Amino acid sequence: MTSWFEDPDGGRARGPRGLARAWVEALIRPRRLFVNGVTRGDQAPALTFAVAVAAAFTLGWIAVDPSVIPGIVESVPLSAVVLFLVVVALGAPVGLHLTAAVATVSVIVASVEFDGGLSLRDRGGVSETVQVVAYASSPMALAGPPIPVVRVLCGAYATVLLLIGFRIVHGTTPIRTLVAGLPPAVLGYGIGYRVVASIRTLVG
């Protein structure tokens, strides 16, 4: 069966339909996504995807809890628009690349081996790491409403997707996968999407 990411010319589908299909595939067929949808040097669709997830998260949060909107200007709706634009134009791209930077370091650490000397195992490149981090964030699009249990479940699923992606893209063993995946998951999903704060709320 052909993946939604495949087309006759190679690469992945772009546009709103491509984003929607990528999101669904990330949630229900992650292995297929990471095998067929992650390609070397093709970060643009992943960045767009990460921005779309952050936008959905922000819209959901604002819609359910308007008190989160800072008083940027006197008009609350205008303040909401400014907040949304800041997240989309600045917060999401910076957050993705910061998380990917941590993930890159974690992957390198997880690739260290001792076999007659210090060496690194074969692994995917930085571009593939960025893409995995972006697509694994797909559950966070549903975590906007400030419902702690929902955010925790979404964060846990995003972490599982990240581990699956690293296992496939970087060919890591289970232990090495945990070493590579947990630090960026804590930073990107735990802190960036406030999953850690939700856990604290649940445990009192």
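Helices H5 and H6 cross in a right-handed manner; a crossing counts as right-handed if the near helix is turned clockwise from the far one by less than a right angle, and as left-handed if anticlockwise. Helices here are DSSP runs (H or I, at least four residues), numbered from the N terminus. This is a predicted model, in which local features need pLDDT of at least 70 and side-chain atom pairs count only at pLDDT 80 or more, while totals for chains, interfaces and linings use all residues. Residues are numbered from 1 along each chain as its sequence is written, and side-chain values use heavy atoms, with hydrogens and water left out.

Back to the pair itself: H5 covers residues 126-136 and H6 residues 148-170, and their axes come within 8 Å and cross at roughly 155 degrees. Axes are lines fitted to C-alpha atoms, for helices over the stretch in contact, with angles running from 0 to 180 degrees between N-to-C directions. H5 and H6 are therefore roughly antiparallel (over 145 degrees; under 35 is roughly parallel, 65 to 115 roughly perpendicular, and the rest oblique). On the H5 side, Glu-128, Thr-129, Val-132, Val-133 and Ala-136 make the contact, meaning heavy atoms within 4.5 Å. H6 answers with Ala-158, Leu-161, Leu-162, Gly-165, Phe-166, Val-169 and His-170. Sorted by class, that gives eight nonpolar, three polar and one charged residues (Ala, Val, Leu, Ile, Met, Phe, Trp, Tyr, Cys and Pro are nonpolar, Asp, Glu, Lys and Arg charged, and the others, Gly among them, polar).

H6 also meets H8 (residues 195-203), with axes that come within 8 Å and cross at roughly 130 degrees. That angle makes H6 oblique to H8, and the crossing is left-handed. Pro-148, Val-149, Arg-151, Val-152 and Gly-155 of H6 touch Val-195, Ser-198, Ile-199, Thr-201 and Leu-202 of H8. The tally for this contact is six nonpolar, three polar and one charged.

Then there is H1 (residues 15-28), which packs against H3 (residues 44-64) at about 80 degrees, the axes being 11 Å apart. H1 and H3 are therefore roughly perpendicular to each other. Leu-19, Ala-22 and Trp-23 of H1 contact Thr-48, Phe-49 and Ala-52 of H3, a set with five nonpolar, one polar and no charged residues.

H3 also holds Val-64. Setting aside neighbours within four places in sequence, Val-64 contacts Pro-145 and Pro-146. Val-64 and Pro-145 sit 81 residues apart in sequence, yet 5.6 Å apart in space, C-alpha to C-alpha.

How values were computed. Helix = DSSP H or I, 4+ residues; strand = E, 2+ residues; numbered from the N terminus.
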